[in-house]
Amino acid sequence: MSSKVSRPFGVTIVFLLILLSGALLVLAGILRLFNRGDEATVTVTQAIISIVIGVIYLLVAKGIANGNRGARMLVALLTILSVAQGFWVLFTNLSNISVVIAASIQVLIGLAILGILYSRRAGEFFRA
């Protein structure tokens, strides 16, 4: 007899953070496309990466809520990429305070997602 593990509150928070982060990444990517400045190639690359990660986040969020292990692994990989990209944006745009704030929030949300996603209770939920 298998016992169904109820979704931990932390996984619900991750689901909501993924939705929020996905929407913010898509929005940030779109805004970067219109605010390119001197380093147009770098900014376009950053914008495309943000949009792609954001769209994938939005597509796999339901899998996280349902305890899908594949969605968990994909979100973890994308979150690591998002955090790395956030650091890249942060340190390549130190003179633009709004970009620094946005990139810092992106990094913090990503670290929160990873921390909660791989907590003990979340692990039990995804193994069930």
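I took helices (H or I, at least four residues) and strands (E, at least two) as DSSP runs, numbered from the N terminus. By that rule I found five helices and zero strands in the chain, and from the N terminus on I read the elements as α-α-α-α-α.

I noted that this is a predicted model, in which local features need pLDDT of at least 70 and side-chain atom pairs count only at pLDDT 80 or more, while totals for chains, interfaces and linings use all residues. I also noted that residues are numbered from 1 along each chain as its sequence is written, and that side-chain values use heavy atoms, with hydrogens and water left out.

I looked up the extent of the chain next, and its C-alpha trace spans about 65 × 20 × 15 Å along its principal axes.

What should helix 1 (residues 9-34) span at 1.5 Å a residue? The expected span is 1.5 Å times one less than the number of residues, so the 26 residues of helix 1 should span 38 Å, and this agrees with its end C-alpha atoms, which are 38 Å apart.

I then turned to burial, where buried means under 20% relative accessible area, exposed over 50%, and partly exposed in between (1.4 Å probe, protein chains only). Buried residues make up 39% of the 128 residues in the chain, and in helix 1 they include Val11, Leu17, Leu25 and Arg32.

Is serine 82 buried or exposed? Serine 82, which lies in helix 3 (residues 69-92), counts as buried because its relative accessibility is 1%. Leaving out residues up to four places away in sequence, I listed its contacts (heavy atoms within 4.5 Å) as Leu25, Ile53, Tyr57 and Gln106.
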